Amino acid sequence: MQRNQDLDKDKFQRRALQVKEAQARVTKYAKLLDAEFVPLSQSCGRYLVETVIAPHPFPAFNRSGMDGYALIAADIEGCSSDNIIWLQVVDNIPCGAVPSVEIRTGTSARIMTGAQVPGGADTVVMLEVTETRETDGITYVGIRKAQAAGRNITPLGFELGPDEPVLAAGTLISAGDIAVLAAFGVHTVKVHRRPKIGIFATGTELLEVHEPLQPGKIRNSNSPMLEALVREAGGEPVMLGAIVDDLELARSKVQMAMETYDFVITTGGVSVGDYDVMGDLVREQSTEMLFNKVTMRPGSVTTAAVRGGKLLLALSGNPGACFVGFHLFARPVIGLMQGSLYPYLPEWTATLGEDYSKVNNYTRFVRARLEIRGGALFAYPASIDESSVMVTIKDSNCLIIVPPEQRGLTAGAKVTVIKLPGEIEG
Ligand SMILES: Nc1nc2c(c(=O)[nH]1)N[C@H]1C(S)=C(S)[C@@H](COP(=O)(O)OP(=O)(O)OC[C@H]3O[C@@H](n4cnc5c(N)ncnc54)[C@H](O)[C@@H]3O)O[C@H]1N2
Ligand code: MOO
Ligand SMILES: [Mg+2]
């Protein structure tokens with residue numbers, strides 16, 4: 001193959017950025033997406049565009065907390081089982097009904113949990129300390145236990161007053177938020193659109209998942225992984241398949257994808273090899289390269305570029321590097337596009353469960369398993385965590401951050417981990 005020496009020189013002399021700087025460069029182009037309305041039932045996992053203000057107090061009426069009798073506390077002062085005080089029952093208020101009578105001294109209303117407490121009453125006595133009798137067609141309730149005013153009544157506005165903020169803009173809607181929105185009558189929710197993310201792989205060696213193995217080839221495992229990761233981050237993946245290592249083909253695919261989608265993620269071909277076409281492509285005039293080297297392992301060759309204000313993230317083909325690169329660079333972008341207030345995965349402190357000896361001059365993001373033991377967090381590095389290793393990706397629910405200078409870490413050391421989505425054993 002005829003090589004252009006200048007091109008090669010350009011290719012090899014990459015300026016490596018620190019992870020934080022590389023993150024700042026990509027997130028700068030994470031454009032906040034416009035709003036859309038979704039039914040409440042489909043709003044879980046979406047981000048609120050505007051702060052929701054309580055349109056009314058909650059509860060909107062004085063609410064009984066017990067099945068019993070609403071009455072005036074002063075009327076039953078000093079009563080006991082030996083000194084039952086009898087009150088006339090003037091109303092019966094099931095849940096959902098409106099009281100018809102004001103409670104005056106000497107009277108009470110039978111009331112159920114969640115029903116509106118009648119005017120005049122200041123306490124609700126539970127059924128268990130009462131008994132009833134009927135005299136001349138009039139019902140009386142006997143109270144065996146005195147209690148203070150205010151007991152068993154949740155006052156109007158106790159949970160939230162009118163015009164108070166209920167949920168802040170940028171909230172990632174959870175089940176609890178849905179309950180609150182439902183209670184305030186918000187049946188359609190204004191959320192940010194999910195970013196449509198074009199995903200494709202490059203590699204002449206790639207087979208589709210359903211294809212039988214062939215000599216020298218492998219199945220494309222990064223594309224389905226990225227599809228799931230995009231979905232997990234709240235994006236809408238659009239699968240654009242895999243292409244052979246051909247610069248012309250990659251160029252037209254990238255162009256189409258960047259015109260059509262909000263964000264484009266590719267995998268493969270970003271290193272310095274003869275067929276690393278994505279690496280060549282981002283050095284072209286039409287594209288503004290943000291970086292093509294980061295001081296991290298795996299994923300040192302992670303590359304990002306901008307064209308027409310849209311981002312292209314070209315992740316490494318090595319599965320471990322593709323996985324780590326997604327979490328560090330794609331995930332925050334996807335979060336920010338939807339208005340997330342916390343686009344970065346959380347960093348926790350854990351105790352290293354086993355020695356970790358690998359060191360080099362770049363920060364390592366070691367895939368590892370977090371476990372809770374005795375209420376404390378322990379992180380166990382994967383048995384093999386090279387960039388090229390695919391199988392141990394499944395065993396990782398965190399990435400241990402191993403700073404460059406460290407001379408290996410011994411079990412028991414405190415480490416910072418990036419918590420990945422998923423469950424923790426323990
Ligand atoms: N001379 C040098 N060689 C390499 C360097 C370097 O600095 N100088 N960097 C190494 C590092 S570090 C990495 S990471 C890889 C990056 O490789 P690429 O991003 O260019 O990826 P490919 O060459 O396309 O493939 C690498 C590896 O991954 C497999 N692969 C590719 N795509 C997929 C996919 N969709 N699903 C599963 N596996 C995939 C591919 O078959 C290769 O085995 O470069 C080093 N080399
Ligand atoms: O970029 Mo490679 O993933 O550092 O190993
Ligand atoms: Mg390569």
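Is F329 buried or exposed, and how many other C-beta atoms lie within 10 Å? In this predicted model, F329 is buried, because 26 other C-beta atoms lie within 10 Å and the threshold for a buried residue is 20 or more.

## F329 and helix α7

F329 belongs to helix α7, which spans residues 319-337. When neighbours within four places in sequence are left aside, the contacts of F329 are A22, Q23, V26, T302, A304 and L313.

## Overall form and domains

The protein contains seven helices and 26 strands. Its radius of gyration is 32 Å, well over the 22 Å that the globule rule gives for 426 residues, and the protein is therefore more spread out than a compact globule. The C-alpha trace spans about 110 × 50 × 40 Å along its principal axes. Of the 426 residues, 38% are buried. Among contacts with a separation of 6 or more, 70% join residues 24 or more positions apart.

The domain assignment divides the protein into domain 1 (5-34 + 194-337), domain 2 (37-58 + 158-192), domain 3 (63-154) and domain 4 (347-419). Between the C-alpha centres of domain 1 and domain 2 the distance is 36 Å.

## Nonpolar cores

The largest nonpolar core has 70 residues, and within it L313, V333 and A379 touch the most other members. Helix α7 gives the most to this core, contributing 12 residues. Because domain 1 (5-34 + 194-337) and domain 4 (347-419) both give residues to the core, it lies between them.

A379 touches A350, L352, G353, A368, L370, C398, I400, V415 and V417, with residues up to four places away in sequence not counted. Another core, of 18 residues, lies apart from the largest one; its members include A70, I111, A121 and V141.

## Ligand surroundings

Around ligand 1 there are 27 residues, of which N222, G268, S271, S316 and G317 come nearest. Helices α4 (222-232) and α7 each supply at least two residues of this shell. By class, the shell around ligand 1 holds nine nonpolar, 16 polar and two charged residues.

The residues that surround ligand 2 are R297, P298, G299, S300, V301, S316, N318, A321 and S387. Three residues of the shell around ligand 2 are nonpolar, five are polar and one is charged.

## Cis peptide bonds

The peptide bond from R297 to P298 is cis, with omega near -10°. P298 sits in the loop between β19 (296-297) and β20 (303-307), and both R297 and P298 are among the residues surrounding ligand 2.

The peptide bond from F58 to P59 is also cis, with omega near -5°. P59 is located in the loop between β2 (52-53) and β3 (63-64).

## Positive phi values outside glycine

D136 has phi near 50°, a positive value in a residue other than glycine. This residue is found in the loop between β8 (130-135) and β9 (138-143). D136 is exposed, because 4 other C-beta atoms lie within 10 Å and the limit for an exposed residue is 12 or fewer.

For N152, phi is near 60°, again a positive value in a residue other than glycine. N152 lies in the loop between β9 and β10 (153-154). With 19 C-beta neighbours inside 10 Å, N152 counts as partly exposed, since a buried residue needs 20 or more.

## K20 in helix α2

K20 is part of helix α2 (residues 19-27). With 10 other C-beta atoms within 10 Å, K20 is exposed. The C-alpha atoms of K20 and V294 are separated by 9.5 Å, although these residues are 274 residues apart along the chain.

Key:
Residues numbered from 1 in each chain as written. Chains lettered and ligands numbered in written order. Predicted model: local features only at pLDDT ≥ 70, side-chain atom pairs only at ≥ 80, totals over all residues. Core = buried A, V, L, I, M, F, W, Y, C linked by C-beta atoms within 7 Å. Helix = DSSP H or I, 4+ residues; strand = E, 2+ residues; numbered from the N terminus. Domains from an automatic or database assignment. Contact = placed C-beta atoms within 7 Å. Near = placed C-beta within 6 Å. Nonpolar A, V, L, I, M, F, W, Y, C, P; charged D, E, K, R; others polar. Rg over C-alpha atoms; globule rule 2.2 N^0.38 Å.
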